[in-house]
Amino acid sequence: MFLRNYWYVAAWTEEVARAPLARIFLGLPVMLYRTETGEAIALEDRCRHRNLPLSMGTIEGDNVRCGYHGLKFAPSGQCIEIPGQPQIPQNARVTRYPLIERWGLLWIWMGDPKRVDESLLPQWHYLAEPGWAVIKGNDAKPMQMRCSWELNNDNLLDLSHVAYVHPKTLGGHGTDTYPVTTERLARSVRMSRWMPDLDPIPLWTKYLGQMGKVDRWQITQAELPSHCMVDVGFAPAGTTTLEKARENAPRMRVMLTATPETANSSFLFYAQIRNWGVEDVAFTERFARDSRGIFDEDVVVLEAQQRIAETMPEAPTIDIRSDAPHLAMRKLV
């Protein structure tokens, strides 16, 4: 199942240039390219004549010429030239999908063009705000995941998994024993967990040095269809609460979204931002390299879940207490 009347991330802005970029979104082939003025275009990736992907053709000015029989299509999707034929059929056109370029990302609308609603974009303005160091995940390219997009929502709304999947980086003894709070909103679900008087996670200790006991938090807000913002951080024990005084504490936000490719595969786009070591470019590069493994570990787990689900589609499962947030998100979807 796909939710079509929403925005999805199609690419990082630097991925799309003059040369065609072919991707599949929500089961449909799409070609991305830029015009001579730099405008990003998204067209249905097939020639209306004999279905060859237009991405296998050539860009001529702002137009695309099919690499099979030479039909030329304008950025609007309308065919404007057929070699050897002056008449162009009225229905010789392909779909042009709406795009918005914002915060270093290209967002695509795969649904009804009459229902395009810019207010449905998630508020990922943190990617462009001062005071935060930004890491574009996977060198500003999506990670291919052989799993359903909804598994990404499940994973990020139940962060008790970090104690077992990421023990050397994000884990920590006992973190999974603290209860979670689930908030059900109109278009999103918010999970929060407050963990007082604990040791800092290995990742903080590695980069910030040894420290005493801290109060830690995990917050995930998952917004329809698949846009998740994870807010994690810590402060010296007893100096803050989940509701206030977190702004100046060492903190990291991770923005992740899984754009469906097919029912059983997706593209993971993610970015990490932090409010410490902001001006240290060398450290940011090192942090990006070191933390890449965290996302690899998640993908291994999600793909393994998908394999079992496909092999044993009728196998019964159980729910546990920490499932409440992602079960609420499944219901919302």
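Analyst: The chain exposes about 15800 Å², of which carbon and sulfur atoms supply 52%; accessible areas come from the Shrake-Rupley method with a 1.4 Å probe, and for residues only the protein chains shown count as cover. This is a predicted model, in which local features need pLDDT of at least 70 and side-chain atom pairs count only at pLDDT 80 or more, while totals for chains, interfaces and linings use all residues. Residues are numbered from 1 along each chain as its sequence is written, and side-chain values use heavy atoms, with hydrogens and water left out.

Of the 333 residues in the chain, 52% are buried, where buried means under 20% relative accessible area, exposed over 50% and partly exposed in between, with a 1.4 Å probe and protein chains only. The secondary structure comes to six helices and 18 strands, taken as DSSP runs (H or I of at least four residues for helices, E of at least two for strands) and numbered from the N terminus.

Within this chain there are nine aromatic pairs. Rings of Phe, Tyr and Trp (its six-membered ring) pair if their centres lie within 6.5 Å, and planes under 30 degrees apart count as stacked, over 60 as edge-to-face and the rest as tilted. In one of the pairs, the ring centres of phenylalanine 25 and phenylalanine 267 are 6.1 Å apart with the planes at 70°, so the arrangement is edge-to-face. Because phenylalanine 25 belongs to strand E2 and phenylalanine 267 to strand E18 (residues 265–274), this pair ties together parts that are 242 residues apart in sequence. Phenylalanine 25 and phenylalanine 267 are both buried.

Tryptophan 107 and tryptophan 124 also form an edge-to-face pair, because their planes stand at 70°, with ring centres 5.6 Å apart. This pair links distant parts of the chain, 17 residues apart, with tryptophan 107 in strand E10 (residues 105–109) and tryptophan 124 in the loop between E10 and strand E11 (133–136). Tryptophan 107 counts as buried at 0% relative accessibility, and tryptophan 124 is buried with a relative accessible area of 4%.

Strand E2, which holds phenylalanine 25, belongs to an open antiparallel sheet of three strands in the order E2-E3-E4, where strands pair if DSSP finds at least two bridges between them. Strand E2 (21–25) and strand E4 (40–44) are the edge strands, each pairing on one side only.
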